[in-house]
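Grab a pencil and let's work through a few exercises together. Have a look at the two chains first, then try each task before reading its solution.

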Amino acid sequence: MDSYLDKLPEFVDTIKSIKETIITNIVLIGQIPAPTFKEKRRTSVFMERLADFHVDECTTDGYRNPIGIVKGTSETKPPIFVVAHLDTIWGTDIDHYYTIKENSITGAGIMDNSIGVGVLVSLPEIFRKLNLRFESDIVLAGVIQSLGKGNLRGIRHLLKTWSTPIRGAVCIESNELGRLNYYADGMTRCEIDCNISTINGWEHKFKPNAILILNEVINQILKLRLPQRPRSRVIIGKMSGGFKHGMIANDARLGFEIQSNSDKMVKSISNNIKDIVEGISHEYEVELKLKTLSNIHAARIKFNHPLVKSTVDVMKKLGLTPISEPSESELSIFLSRKIPAVTLGITRGENYQQTNAMVEIEPMFKGIAQIIGVIMAIDSGVCDEEYLA
Amino acid sequence: MKSTWLEKNTFHYSEFNDLDRLVEEKQRKNLKISLCLPTLNEEKTIAKEILIMKSELMTRYPLLDELVVIDSGSTDKTREIARAYGADVYEATEILPDLEPFKGKGENLWKALYVTKGDIIVYLDADIKNIHHRFAYALLGPLILFDNIKYVKAFYDRPIAIGKSKIRPTGGGRVTELVVRPMFSLFFPELTQILQPLSGEYAGFREIFEAIPFPIGYGVETSMILDIYEKWGLDVIAQVDLDRRIHRNQDTRALGKMAFVILMTFINRKNKLGLIDLKEDLFNEMIQYNLVKNEYKPDIFQIEGHERPPIIEIPAYREKFKK
Ligand SMILES: Nc1nc2c(ncn2[C@@H]2O[C@H](COP(=O)(O)OP(=O)(O)OP(=O)(O)O)[C@@H](O)[C@H]2O)c(=O)[nH]1
Ligand SMILES: [Mg+2]
């Protein structure tokens, strides 16, 4: 059953033999801007490319996630999902044209997630080149509205409306080769807005400063006692406010996330912060608005789950050392629906989340072989009930 | 002026995206096709052009038989990168080394005729940021499918890149609109139907290219059109809309030099054809002024205006191609 493991090293060379096509897909799709909520153009190029490779079924789901299905040999086995998010943090006014050198590709969004998306679209051709047929259908989905305010809507919708069971899933990220994510922390993402109204109502004797108010909120959050176990933390991640150097700030905004591997803990910290916000609002007589932007439930498969074990074997066979951290991406949506899944990275690079992000080409071929290995493992049954029993 | 040519011989790239059909026709007609990329310091874009063309039009659809890069002595990594991605790379000076060497894009295009084997040659500039295989297959479409077409020229709705990371949707083509179009209107109104005579992307049969002279520099596009028009008429020419081409934005001074070369080529060509009568030779210096410390200093740019003869007249060529 593990015979596929031995083939992996030679897969790397075969995959490399069609590197032109893989890079072409990365470039043709990645160069189309796709800020969250505006993925339409990238979606149609994604579909065009899949159709061009004669993928059995190319379609979009009801939420406009583009999907290609490579038909499997079995009528009964549930499908395997392979997903990569299509959206990027860059607007349409940013130059998305890539520069390719002997061993690198540079440009906006290449690391998040053009490599992932380009590889996803190349899989049908890679399967063909490697002479691989699977029992399961392979569902290749580029999911939209994933990042930031998108709040993983694309993948949530795709899985919610998918009517049949799903055997297992692989989520692809450009970076970083060696990651193996199989658990997601519970998370609540919030924003606090502080607005000192200047028009109606009575004038403050000492006009409060919105930034200082939020500063007080931060101080009190930092005073919260967070347990080591369940592992929990609050990340103060964004702050903005004020108008001019010499003027008391009328408005300020704070963005943070509560993360824990226990949903209960997230809830309890969230309640504490609500109390803090209410208290300060009352004491300083200012308006503080606490808004929850998104929620993710803690979910995981165990380290000794056969999917994780086989993934580790695949990676080791390719000389990769798996590194595991919690991940709040597409993965968490699969896991929360009890679908075994892992997230893997394709290559290495630098300047992550900058317009001059750069990735190395050479490690990519191992990164892809690893994806193939894991799909083969799932197809051989490592996520199936019988196997687990 | 009748503009029937424009209606009949203007196409859109999407008319040629049935690549299976192009390959089939190409094979039926037993044609060999070469792609040539002239380069001078194009390390940023050259790999992309090679990769995409190789993947889409060589590996996936066998439309191109070879891909050559002819380089004008780049000082960046253009040649190394091009080789790394599997192009046949030449320095222009290595080709026909017994001839006096000149430097310019036209020189490279001309010398490409000697090293390529194709019955059809596609020329693409190597600085196309949004390169896509349509740039090649759509230029080939009319040549492969329609027997009367011998030369195909690209046109675009040209956005230009401004600054490092912003792009703007319209503009470009100033030399076309301010120099070439007025000139064509004055002398050859029919040719105004060619919407972007200066576009650097075109394809044609070897029998056309080998029979016309090539100015070594910027004049090559204009002179090619004039010569083909004079020799074979407008009906052998087609133009294809390739949608968008992202172009770097050149400053007015650079465009001035380009305009100078084009005017020079044009006037000399008309003179040679006996269409106008020059009383004396043209000057060969473009003079632009700089204000340096309150003084106007001329900045003189000399253009030799060299021109290569039809390559069919070169014995080494005739021998190689048994002509
Ligand atoms: N200018 C120039 N270009 C050359 C030379 N040799 C090859 N080339 C190539 O010829 C193509 C066209 O040159 P460009 O300088 O881009 O000319 P252009 O397209 O008219 O002008 P741009 O608006 O700057 O793109 C490019 O692929 C160049 O790399 C040369 O000696 N001089
Ligand atoms: Mg150019």
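Between chain B and chain A, nine residue pairs are in polar contact, both residues being at pLDDT 80 or more. A polar contact here is a pair of N or O atoms within 3.5 Å; within protein, one must be able to donate a hydrogen and the other to accept it, and residues adjacent in sequence count only if both atoms are side-chain atoms.

A quick note before the tasks: this is a predicted model, where local features need pLDDT of at least 70, side-chain atom pairs count only at pLDDT 80 or more, and totals for chains, interfaces and linings use all residues. Residues are numbered from 1 along each chain as its sequence is written, chains are lettered from A and ligands numbered from 1 in the order in which they are written, and side-chain values use heavy atoms, with hydrogens and water left out.

**Exercise 1.** Work out which elements give two or more residues to the side of chain B that touches chain A.

*Solution.* Step one: list the elements, which are α3 (46–60), α4 (78–84) and β8 (166–168) of chain B. Helices (H or I, at least four residues) and strands (E, at least two) are DSSP runs, numbered from the N terminus. Step two: pick the largest share, which is α3(B) with eight residues. Step three: look at the charged pairs. The rule finds six salt bridges across this interface, a salt bridge being a side-chain nitrogen of Lys or Arg within 4 Å of a carboxyl oxygen of Asp or Glu. Lys129(B) and Asp95(A) form a salt bridge, with their closest N and O atoms 2.8 Å apart.

**Exercise 2.** Find how much area is buried between chain B and chain A.

*Solution.* Start with who touches whom: 27 residues of chain B are in contact (heavy atoms within 4.5 Å) with 22 residues of chain A. Next, the buried area comes to about 2,200 Å², and carbon and sulfur atoms give 53% of that. Buried area is the accessible area (1.4 Å probe) that two parts lose on being put together, summed over both. Finally, on chain B's side, Lys48(B), Arg60(B) and Tyr85(B) lose the most area to chain A, together 25% of what that side buries.

**Exercise 3.** Describe where Ala316(B) sits and what it touches.

*Solution.* Ala316(B) belongs to helix α11 (residues 315–320) of chain B. Leave aside its neighbours within four places in sequence, and Ala316(B) is in contact with Leu96(B) and Tyr114(B). Now check its cover: Ala316(B) counts as partly exposed because its relative accessibility is 32%. The cut-offs are under 20% relative accessible area for buried, over 50% for exposed, and partly exposed in between (1.4 Å probe, protein chains only).
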